[in-house]
Amino acid sequence: MKKLCIFALALLAVCLGADAKVRLPHLIGDNMVIQQLTDVRLWGWDTPGKTVKVTTSWSQEVKTVKTSKDGRWLVTVKSPRASYEALSISFSDDESATTISGVLSGEVWVCAGQSNMEMPVKGFWQCPVEGYNDWVVESAQHRGVHSVKVPSTMRSEPQEDADCQWRVCSPQTVAEFSATGYFFARLMHQALDVPIGLIEANKGGSRVESWLTKENLKRYTDDPTDSVEIARKWDKYDYHRSLLWGNGTFNPILNYTVKGILYYQGCSNVGDPGDQYSQRLKLLVEQWRQQFGLGEIPFYFVQIAPYAYDGDDVNAISGALLREQQYKAAQIIPNSSLVCINDLVYPYEFTQIHPTQKRQVGERLAYTALNRDYGFSQVLYKSSSYKDMKVDGDGVLIHLQDNYHTDAPFEDIQGFEVAGEDRVFHPAKARHFWREGGGYWDEAIRVSSPEVRNPVAVRYCFRNFQLGNVKNAANLPLFPFRTDNW
């Protein structure tokens with residue numbers, strides 16, 4: 001009996017020792033990329049009341065923190081200037097220690113949204129990514145790009161950790177990277193020559209409401225917040241569920257120090273009424289910025305591509321209305337920018353929700369970040385957009401903004417429609433127009449149709465699947481638009 005008691009005490013001591021070990025979230029691990037030249041947050045768990053020491057290979061400073069009553073701890077450390085030098089961070093209490101290695105200092109961006117952000121370089125089933133083999137071979141040049149994929153998980157309560165690990169870009173790993181994210185990081189890496197870290201926290205088919213908190217859902221929506229009711233409402237398509245994806249997939253990354261957020265989502269909100277989507281996207285951005293606690297970090301998002309929504313109806317406008325809402329969102333969300341990809345689908349992809357051209361999507365996001373955040377003032381990143389119209393006899397003069405003084409092509413302009421008082425739109429002939437008047441040149445695109453003698457409204461690519469060809473000096477496409485509100 002005495003030996004049994006001694007054994008039990010020894011076992012208890014071992015167990016207590018195990019409980020005392022410093023524990024880190026999976027995001028803080030080997031090969032992580034930390035945001036350069038800032039206060040980087042590091043966090044984890046230990047026995048309540050324990051003192052945790054944090055030391056870094058780039059500084060003599062030792063940070064200490066006492067764990068809270070529930071065992072949590074968090075410290076900030078000053079990160080060094082970006083470089084490819086492999087760094088390390090050690091965490092210890094008075095009984096145990098752990099060290100992570102292969103850490104790089106660079107630029108860290110979140111890849112959020114639904115399946116077109118989640119879509120890997122290797123593509124999905126029946127959905128390839130254009131140029132796949134080329135990207136695999138070339139990836140060896142971008143070992144400074146690291147990513148971590150947070151598993152897409154539903155939870156009824158906000159989670160603080162997720163089972164994931166950082167990956168170093170290589171021909172063996174790049175196939176699993178988010179394609180849009182990788183092509184963003186690839187160009188950023190090329191332009192800045194610093195490590196780029198991607199945190200992929202997304203879910204295919206998710207709605208904007210999938211990422212809202214319980215408090216915001218209760219206050220601003222009619223969506224249920226009880227997990228049973230949520231599951232009952234979206235029993236067929238679980239990827240549409242509110243709250244649960246944010247709790248399980250996004251919440252674990254909120255302590256991480258990041259530069260900004262890239263977002264590609266919207267398909268599952270097609271059909272939402274009025275301004276609902278733009279207002280809820282604004283709400284989501286406000287929520288994420290508050291949760292990250294890093295100020296008004298950049299939010300760069302992608303307009304949904306042409307697709308035959310409404311039962312494969314290419315001529316309906318529900319998709320166009322959602323794109324309009326995304327454009328409106330960009331006007332009301334501070335420090336945001338919208339990427340137009342209306343030209344990045346092939347004519348035969350009208351029923352392909354995952355278009356194959358992902359390189360240009362990621363690169364357009366990179367152009368935006370390089371210009372707005374990294375001093376590349378000569379990189380042109382804006383798409384043209386509608387400015388105003390003026391009826392000119394049997395035609396309409398359309399003026400654009402952000403065209404960098406160029407509307408191309410010079411001939412055979414396609415994608416415009418015009419309507420009269422009867423509200424029936426007809427394919428329009430469009431041509432470049434110049435006229436001197438009042439001491440200035442009036443430069444516009446003149447739109448007309450023999451079917452419409454007295455035009456009152458113009459639309460450009462304002463259908464589910466309609467391809468135009470107007471681009472600006474940056475070779476970026478004109479945003480779809482309408483001059484009416486019918």
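The paragraphs below treat pockets, then a cavity, and finally salt bridges.

The model is predicted, so to speak of its local features requires a pLDDT of at least 70, and side-chain atom pairs count only at pLDDT 80 or more, while totals for chains, interfaces and linings use all residues. Residues are numbered from 1 along each chain as its sequence is written, and side-chain values use heavy atoms, with hydrogens and water left out.

Rolling a probe the size of a water molecule over the atoms shows where empty space is left. The search uses a 1 Å grid over the protein atoms alone: a cavity is a set of points where a 1.4 Å probe fits but cannot get out, a pocket is an open set with protein on both sides within 12 Å along at least five of seven lines, and lining residues have an atom within 4 Å of a point. Grid points are joined across faces, edges and corners, and a volume is the space filled by probe spheres set on the points.

The largest pocket holds about 330 Å³ of space. It is lined by 16 residues, of which L400, N403, D407, E443 and A444 are the closest to its centre. At least two lining residues come from each of the strands β14 (385-392), β15 (395-401), β18 (429-437) and β19 (440-448). Helices (H or I, at least four residues) and strands (E, at least two) are DSSP runs, numbered from the N terminus. The lining of the largest pocket comprises seven nonpolar, five polar and four charged residues; here Ala, Val, Leu, Ile, Met, Phe, Trp, Tyr, Cys and Pro count as nonpolar, Asp, Glu, Lys and Arg as charged, and the others, Gly among them, as polar.

The second largest pocket has about 260 Å³ of space. Among its 14 lining residues, Q331, S337, K382, D402 and F479 are the closest to the centre. Two or more lining residues are given by α10 (318-332) and by β13 (336-339).

Five cavities of 30 Å³ or more are also found. The largest cavity has a volume of about 70 Å³, and its lining includes W211, L243, F250 and W288. Both α7 (244-250) and α8 (276-292) give two or more residues to this lining, which has six nonpolar, six polar and no charged residues.

Side chains of opposite charge can pair when their charged atoms come close. A salt bridge is a side-chain nitrogen of Lys or Arg within 4 Å of a carboxyl oxygen of Asp or Glu, and the count comes to 28 salt bridges. In one of them, E363 pairs with R186, with the closest N and O atoms 3.4 Å apart. Because E363 lies in helix α11 (residues 359-373) and R186 in helix α4 (residues 179-192), the pair ties together parts that are 177 residues apart in sequence. E363 is buried, at a relative accessible area of 9%; buried means under 20% relative accessible area, exposed over 50%, and partly exposed in between (1.4 Å probe, protein chains only). R186 is buried too, at 10%.

A further salt bridge joins D223 and R207 at 2.7 Å, N to O. These two residues belong to a network of salt bridges that links R207, E209, D223, K233 and R280.
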